[in-house]
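Here are a few exercises to work through with the structure open. Try each task before you read its solution.

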Amino acid sequence: MTKIVRTTANILFPFTLIFGLYVIAHGHLTPGGGFQGGAIVASGCALLLVAYGSPWMFNCIKDTRLATFESLGAIGFITIAFLGLVFSAVFFGNFLTGSGSLFGTTPATGSTLSDFNTGGVLPLMNFAVGVKVIAGLFVIVLVMAYASSSKEWD
Amino acid sequence: MIEYLPFIAVVAMILIGLYAVVFRRNLIKMVIGISIIESGVNLFLIMLGYREGGVAPIFTSLPSGTTYPGEMVLPVPQALTLTSIVIGVAVLALMLSLVMHIYRKYGTLDVQKIRRLKE
Amino acid sequence: MFTLESGSGFWNPILWILVFVIIFLLFYGIRGFGKSAYKKGTEQTKVFLSGNKEPSPEEMHVKASNLYWGFTTSMKSLYSVLRNMHTGNTSDYILWFVLVLVVLFLILGVM
Amino acid sequence: MTILEALLQHSPALIIATPLLSAFLLPLVSRIHAKVRDVFALVMLGVTSCFVGLLASDVLSHGPRIYIFGAQNLHVPLVRILFEVDSMGIFMALITMMLAIIAVIYSWSFLHQEDGLDKYYTLLLLVVTSALGMELTGDIFNFFVFLEISCIASCALIAFWVTEGEALEAAFKYIVVSSVGALFVLFAIGIFYAQYNALNIATLAHLLQFTFLDKIALVILLVSLGMKAGLAPMHMWLPDSYGRAPPSIVLIIMSATLASFYGILRVVFTVYGNVLTTSLRFSLPVHVVIGWILIALAIVSILIGVIMALIQTDLLRLIGYAAVAEIGYMFLAIGTSIAALGTSYATVALHGGVLHILNDAIDIGLLFLVAGAIYYVTKKRSLDDISGLARNMKFTTVFFLIGLLAVAGMPPLNGFTSKFLIYESVYQLNPILSIIALLGSILLLAVFIKVLYAAFLGPELPELQDVKEAPKSMLLAMGLLAGFAICIGLFPNLLLDTLVKPAASALMDHAQYISMVIGGL
């Protein structure tokens, strides 16, 4: 791609990243969450992919590493569900809510300013899903782009 | 009448999608057809949860003066739609990668020619 | 434990196996009558095809698609319908789905 | 509370969570060593089977159990995801675990030269998770989610031999068919939610009125789940994908297919259980109409399955058509039991149908494993190219004979026990149906006699002179299934009394299923 496209992609990529991470982090307060934010971050990565080409991207990051991250995200999600079983005796139990510790504040009902420190295990699950979706969607786009650009087609 | 309009749109989208799957010969267009069916079903689910004049079901940012939960739109169909969208993305990615590989093996995207398995 | 009742009949595998064993023993006994005339390694055990040489395995091999030739030939009209039905076209698979859906809609809609 | 009680209480969740967790751990485990990965998959499935067994022993003695995700008690409004486990669900879960363990044992030798096996085992465990989820869930939307997971994961597994164009074609057909089917299921779920504001199966069954929209939802659910179960004339994807997937995978896909069949049972008997006796126009009750629709489609399945199987030359594809016929028998049994609801032979038909689910899994599974063994040693798919294998593959031949007799419903093997119940009960509904079913069985026997003659008997071809017997783990897997076939054939009542009759009565007794949830509110 031309220098104009690459420069634009360079400028836009951090903003996309920040916005995606914001959507993941505020998943328990506003519309959005792990999947939506992950999709935004992955689309930012896809922007870089388009601008710089898949062989360059393939040199930067290996698809096996992304697959490992995807597994880690899924494992994190299920581990939190298992922790619910351990601490509150229910699978997927929300053992952090109301505890006063991490993400443990109980929010006030009605129109309040969003309190980030609420939601119990939901933000943690959003992070786990976010990691999985970023890695998963990006590996799909990367492998597809690499396969369709390779010379085997002819 | 106007309140039935979205449901007519749902049926129309499902029929358009089915038309694309059944009568279009290009594999990519069939995949698009399935996506249209999926959008139709998602629109249907979203319509079920709509309340006239309702606000978004966000617990902490209700406009002042509204009461919980009578004036929110229903959140459950939105959660269902979200799940369905996530699944739809996975199905779409899988179908497109299969189409890529099929094109590599068969050299065509015409569904009439991709029928080595028959009878 | 062995008897399966269906309300109008019953099925007992042990009885069946007993009958089977008895029939097998009978046949084995009958087979024993001819056993004394059988000598291994003589002309008696060679293949005899009216004096012709025994063909090679490839020539003797009856292919699976030729088995039941009579049945498939006599049912040709049925098979041509079924072959036309199984087009292998993905669109047709969905078309059948839609057709069955419409027919059942009509049946339950009339009811 | 002892540890056993705690495990029992949480076993519905653990049954889903264990294979799911191990599915995502597998890519990491497989980095250690390939052997560790294979053992890990088997051990995790073993642990899951222990939970299933524990839950089964409790459910069979103490009645259905519910498990609420994320909360201790039920609250109004019921928005929680529930798992409701009754005898029918646990019976299906046992079948799924049996198929999964045998498939893993088989794939040790069968696929040991292939690469990409870490993803293979991950997807395999995902399909097992989704099948178990479909069978244990008490929430209809959750059912849809597991249905879609099974579609996606089994499609990727069908395309496992990605270098063959036909495998890709089969996978594409499968994903198109099953995603369209699943989207229609979602549409039907939307119709339910629009009317009753509920997604829980028990609540839905409690509230259902059989309005016009419910009729539409019933038709959509019957047809789309029937398509996923391989009911003719929507069966065409089934021989394609069964014939092109690795045979160890066919067992796994079969468990997903049978879970869709279970979905039909659950929809008809439980969700529509209250309204089955409502009269429609011409004073015909609902159950007669639905029953005869299912019987008609079942007869079509049996006939198309056996007649098309007769002209196949590709062995795996041939068995795929035989699987269509076997599914026809299952639908014939439940169609009879619905059409004749209330009579004594309806119960017998249901017993036959439920037992036939297990027998179909064993028989067709055994035949696929044998066909896979033939493919493994000869690398040939077509029956035209193989001959005289019995000389070198003695065990495989014996297993094939057992599978042949079992699938054709010959006494004293397991296929006969369930088909006997089906013939006897269908005869009382309509003798002609019974005759057609018998004719189907005879044709099925003819089909497999052809395979026996073409593959195992006949002259020994020169290029097949030095074939060897299949490896030990494949023989073990086939032997296990053959052992099940003989045991069920010899002791039919043992299984019928312990598992099948409770499962059938759990289906018939929808009031108990409903009261488990409604009573707790």
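Contact here means heavy atoms within 4.5 Å. Keep in mind that this is a predicted model.

**Exercise 1.** Work out how many residues of chain C are in contact with how many of chain D, and what area the two chains bury.

*Solution.* Start with the count: 45 residues of chain C touch 65 residues of chain D. Next comes the area, since the size of an interface is often given as the accessible area lost when the parts come together. For chains C and D that comes to about 5,200 Å², with 80% of it on carbon and sulfur atoms. On the chain C side, C:Tyr93, C:Phe97 and C:Met111 lose the most area to chain D, together 15% of what that side buries. Finally, look for salt bridges between chain C and chain D: the count is 0.

**Exercise 2.** Check the length of helix H14 (residues 394–407) of chain D, then find what covers its buried residues.

*Solution.* The helix has 14 residues, so at 1.5 Å a residue it should span 20 Å. Its end C-alpha atoms are 20 Å apart, which agrees. Now the burial: among the buried residues of H14(D) are D:Phe399, D:Phe400, D:Ile402 and D:Leu404. Their cover includes helices H12, H13, H15, H16 and H17 of chain D.

Conventions
Residues numbered from 1 in each chain as written. Chains lettered and ligands numbered in written order. Predicted model: local features only at pLDDT ≥ 70, side-chain atom pairs only at ≥ 80, totals over all residues. Heavy atoms only, no water. Helix = DSSP H or I, 4+ residues; strand = E, 2+ residues; numbered from the N terminus. Expected span 1.5 Å × (residues − 1). Buried < 20%, exposed > 50% of the residue type's maximum accessible area, 1.4 Å probe, protein only. Buried area = accessible area lost by both parts, 1.4 Å probe. Salt bridge = Lys/Arg side-chain N within 4 Å of Asp/Glu carboxyl O.
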